[in-house]
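Look over the sequence and the model before reading on.

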Amino acid sequence: MKILSIETSCDETSAAVTENGRKLLSVVTASQVDEHRLYGGVVPEIASRRHVEAITQVCDTALSEANVALAGVDAIAVTVGPGLIGALLVGVNFAKGVSTSTGLPLIPVHHVKAHVAANYLAHPDLTPPFLCLTASGGHTLVLNVSTYTDLQLIGTTIDDAAGEAFDKAARAMGFPYPGGVFIDSAAKDGDPDKYKLPIPHTSGEFDFSFSGLKTAVLNTINTAKQRGDTLDVPSLAASFRKTAVASLTAKLLEAARKLGSTTIVLSGGVAANELLRSKLSAECGSRGYRLYYPPLSLCGDNAAMVGAAGYFEYLAGNIGGANTDAFAELAI
Ligand code: KG4
Ligand code: ZN
């Protein structure tokens, strides 16, 4: 079964063609990041307008790169939420138009389920159940993935998302938006023990908190300025990365131990983090757990993951129609 899938929940206009949730035939992504960078973050109205301009071309190119005509596609999958509402509406309405004019079934997809499903494209042997950490600019979720379509929330952030904390700390250190990748690469040249940063306590056993860590970075920078000290940016990046990764790793491994999960999966933009990958590889190795994460190309927002998730939603009978809507917030 071939699916044309569409993702417009934030600042990437993306379309893909996938087969049976496991095979990626093409993915085309028009990123708006250079424009949003000028403002230090995503400007929702600009995002919506750029999606309107790009979506037809992005879908046409995805079909032609897969060597498939629209007549050769079996269904249309689209992200319906959570995300920026104006941005989501562009993809949802476009997909509904294609579905109405062709008669192809429309499959609504949850953005977080799509991030998890990126792993099905990359790892043919991966099947539920498993424990998944989805960490991005908007989410920090520990999920018990019991089937392809049933995911239970085990823990989440009580304030900032992990990616958001990376981006805010990066901005304070003078890196461009989105700064997660810049912290990751600057950290390689720094001393992770130079600056002592706190891992905030949360009352929820598997919950996270990142706003205190972000504030500690801001305080460190301000104190250095006031004292006239030179800030060691690579070491501050390394100290921040080490602390954020320690928090993510500790809660995830504790959840795995309590739930008896021996397969751990990472997804979302923060899954690209080198230290998170290497630290968890070592920790999982010593415990005899299996660890999976997507290739860098499938960590951030893309439509390939929407096609993978959409296939399993289709098999479960979760088909949309004329009343399919977009949702800024959407429970998993
Ligand atoms: O999944 P994604 O592309 O979009 C959302 O759904 O939010 O995630 C983007 C987030 C940004 O906060 C970005 O800074 C972060 O993922 N990110 C990273 C790295 N690469 C991207 N954070 C830490 N280390 C990285 N290497
Ligand atoms: Zn995302």
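A salt bridge is a side-chain nitrogen of Lys or Arg within 4 Å of a carboxyl oxygen of Asp or Glu. By that rule, Asp160, Glu164, Lys168 and Lys214 are linked in a network of salt bridges. The model is predicted. In total, the structure holds 17 salt bridges.

**Salt bridges**

| Pair | Distance |
|---|---|
| Asp160 and Lys214 | 2.9 Å |
| Arg257 and Glu254 | 3.0 Å |
| Glu254 and Lys258 | 3.9 Å |

Asp160 forms a salt bridge with Lys214. This pair links distant parts of the chain, 54 residues apart. Asp160 sits in the loop between strand E8 (151-156) and helix H5 (162-172), while Lys214 belongs to helix H7 (residues 211-227). Asp160 counts as buried because its relative accessibility is 8%, and the cut-off for buried is under 20%. Lys214 is buried too, at 16% relative accessibility.

Arg257 is exposed, with a relative accessible area of 53%. Glu254 is partly exposed at 27% relative accessibility, and Lys258 is partly exposed at 46%.

**The zinc site**

Which residues coordinate the zinc ion (ligand 2)? They are His111 (NE2), His115 (NE2) and Asp301 (OD), at 2.0 to 2.1 Å. Along the chain, the donors follow the spacing H-x3-H-x185-D. His111 and His115 both lie in helix H4 (residues 111-122); they are four residues apart, so about one helical turn separates them. Both histidines are buried: His111 has 5% relative accessibility, and His115 has 1%.

**A buried serine and a surface patch**

Ser99 is in helix H3 (residues 85-102). At 14% relative accessibility, Ser99 is buried. Beyond its neighbours within four places in sequence, Ser99 is in contact with Ile76, Leu104, Pro105 and Leu106.

On the surface, Tyr314, Leu315 and Ile319 form a nonpolar patch. Together they have about 270 Å² of accessible area. Ile319 lies in the segment after helix H10 (304-315). Ile319 is partly exposed, at 38% relative accessibility.

Key. Residues numbered from 1 in each chain as written. Chains lettered and ligands numbered in written order. Predicted model: local features only at pLDDT ≥ 70, side-chain atom pairs only at ≥ 80, totals over all residues. Heavy atoms only, no water. Helix = DSSP H or I, 4+ residues; strand = E, 2+ residues; numbered from the N terminus. Buried < 20%, exposed > 50% of the residue type's maximum accessible area, 1.4 Å probe, protein only. Contact = heavy atoms within 4.5 Å. Donors = N, O, S within 2.8 Å, 3.2 Å for Na, K, Ca; no water. Patch = residues over 30% accessible without salt bridge, like charges linked within 9 Å, V, L, I, M, F, W, Y side chains within 5 Å. Areas by Shrake-Rupley, 256 points an atom, 1.4 Å probe, with all protein chains shown as cover.
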